[in-house]
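Colleague: I am new to this kind of model, and I would like to learn how to read it step by step. Could we take the features in turn, with the general idea coming before the case?

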Amino acid sequence: MNAVTEDLSVNKLTPTRLGLAHDFPILARPVHGRRLVYLDNGATTQKPEAVIEAERRFYRESNANIHRGVHWLSQHATDLYEASRVTVQRFINAAHADEVVFTRGTTEAINLVAQSWGRNTLRAGDEILLTTLEHHSNIVPWQLLCEQTGAVIKVVPISDAGELDLDAFDALLSERTRLVAITHVSNALGTINPVAMLTAKAHAVGATVLVDGAQAVAHHKVDVQALGCDFYAFSGHKLYGPTGIGVLWGRAGLLAAMPPWQGGGDMIRTVSFEGSTYADAPQRFEAGTPNIAGSVALAAAIDYVSAIGIERIAAHEHALLAHATAALAAIPGVRLIGTAANKAGILSFMVERIHPHDLGTILDSEGVAIRAGHHCAMPLMTRFKIPGTARASLGLYNDEADIAALVAAIHKAQDLFGTRSTAP
Ligand code: PLP
């Protein structure tokens, strides 16, 4: 049954079971002859039937190129594409649909800001404030920009629990800070940053704020106006939508002043060999044929999540995180990395004397899919003096049975390595 039409009244739910796994066809397929226990949602989420069907239906019934054709089908596809933009606008409570730029994902959204806003705005000696928690996608684009402009990067350190050092943030923030680029939720530790508070401080010194929302949008309510930030980036595939589609939200005034980044069809007003003029935002930043089907399927994913209720998903994952944290902490030899007070459903951990990659392989043989490695956050691993971690990341379809399978698979790995404690 499709969750969108299901009766999901709170009374029918236990805190750690939404019971929606059957909406996700892939979760029914076995792996290595075992039930698939998918705990790699930080990397990408699985897709519900509603999303798969929306993309299929687009190609079967609505496919045409957009913004160009005079024929009915082109107009129809354009309407669907623009309606998807409105769905995104409502989901993140943007003031206008024109503030929503479709991109390939978070990475492209951040690069767009770096190369359009950043290259046009930053000068030698200007400072970009990042944090130790950042994903490489929110580090490398700024390093490239620094090479081009002479701007410099400053980094806010974190505590052993994985929380931002707010005193250091205050000390590093100054009139030289032109940009604060922070992750909303750490993909490696799950730490939820106090983005609204940090944004207010950044604005007080005149800095612009970009928030990397890749790990946030699927897990709790995001309201860009309430956050107060200037740019917000996220990826569709981490929100139960397809790969290859994402969003850059930017304030209308900022987008209006930003030059194009990529040139091509669809982003122009006029073209001659003497020079070209450009379309207004968001089209100015959507050169070439975009991922039209992806935008439609992303809107279907947002509809799916909204029908369940993002607050309900947040409550479910919060309860499951508490349960999973206690379950892992109870295993002798397991060390949790990242114990912030305010955390999303991500559990990074090390198992004594078992390399994370070996652990990941053994868990996989038990049907348990987790991620092992540096999680595209090498500076963060360096901070903890570790090569990487094992990471279980939760999605709306996970439940206590998945955590029990994870715990059993860790025990299996410890048995294989002869490291399982026999102590009570
Ligand atoms: N930022 C964070 C916090 C992430 O977790 C990820 C992906 O793992 C990204 C950025 C990059 O997202 P994408 O690869 O979809 O562009």
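Colleague: Is Arg178 buried, partly exposed or exposed?

Modeller: Before the case, please note that this is a predicted model, in which local features need pLDDT of at least 70 and side-chain atom pairs count only at pLDDT 80 or more, while totals for chains, interfaces and linings use all residues. Residues are numbered from 1 along each chain as its sequence is written, and side-chain values use heavy atoms, with hydrogens and water left out. Buried means under 20% relative accessible area, exposed over 50%, and partly exposed in between, with a 1.4 Å probe and protein chains only. Arg178, with a relative accessible area of 29%, is therefore partly exposed.

Colleague: Which side chain meets that of Arg178 in a salt bridge?

Modeller: Side chains of opposite charge can pair when their charged atoms come close. A salt bridge is a side-chain nitrogen of Lys or Arg within 4 Å of a carboxyl oxygen of Asp or Glu. Here the partner of Arg178 is Asp126, at 3.4 Å from N to O. Asp126 lies in the loop between helix 3 (106-121) and strand 3 (127-131), and Arg178 in strand 5 (residues 177-183), so the pair ties together parts that are 52 residues apart in sequence; helices (H or I, at least four residues) and strands (E, at least two) are DSSP runs, numbered from the N terminus. Asp126 counts as buried, because its relative accessibility is 12%.

Colleague: How many salt bridges are found in the whole structure?

Modeller: The search finds 17. One of them joins Arg176 and Glu127, whose closest N and O atoms are 2.8 Å apart. Glu127 is buried, with a relative accessible area of 6%, whereas Arg176 is partly exposed at 48%.

Colleague: In what order do the four strands of the open sheet lie?

Modeller: Two strands pair if DSSP finds at least two bridges between them. The order here is 11-12-15-14, with antiparallel pairing. The edge strands, strand 11 (334-337) and strand 14 (371-373), each pair on one side only. Strand 14 is joined to strand 15 (residues 389-393) by three bridges, and Arg371 has Arg391 in strand 15 as its bridge partner.

Colleague: Where is Phe349 placed, and what does Phe349 touch?

Modeller: Contact means heavy atoms within 4.5 Å. Phe349 belongs to strand 12 and is buried, with a relative accessible area of 0%. Leaving aside residues up to four places away in sequence, the residues that Phe349 touches include Leu328, Val334, Leu336, Ala390 and Leu406.
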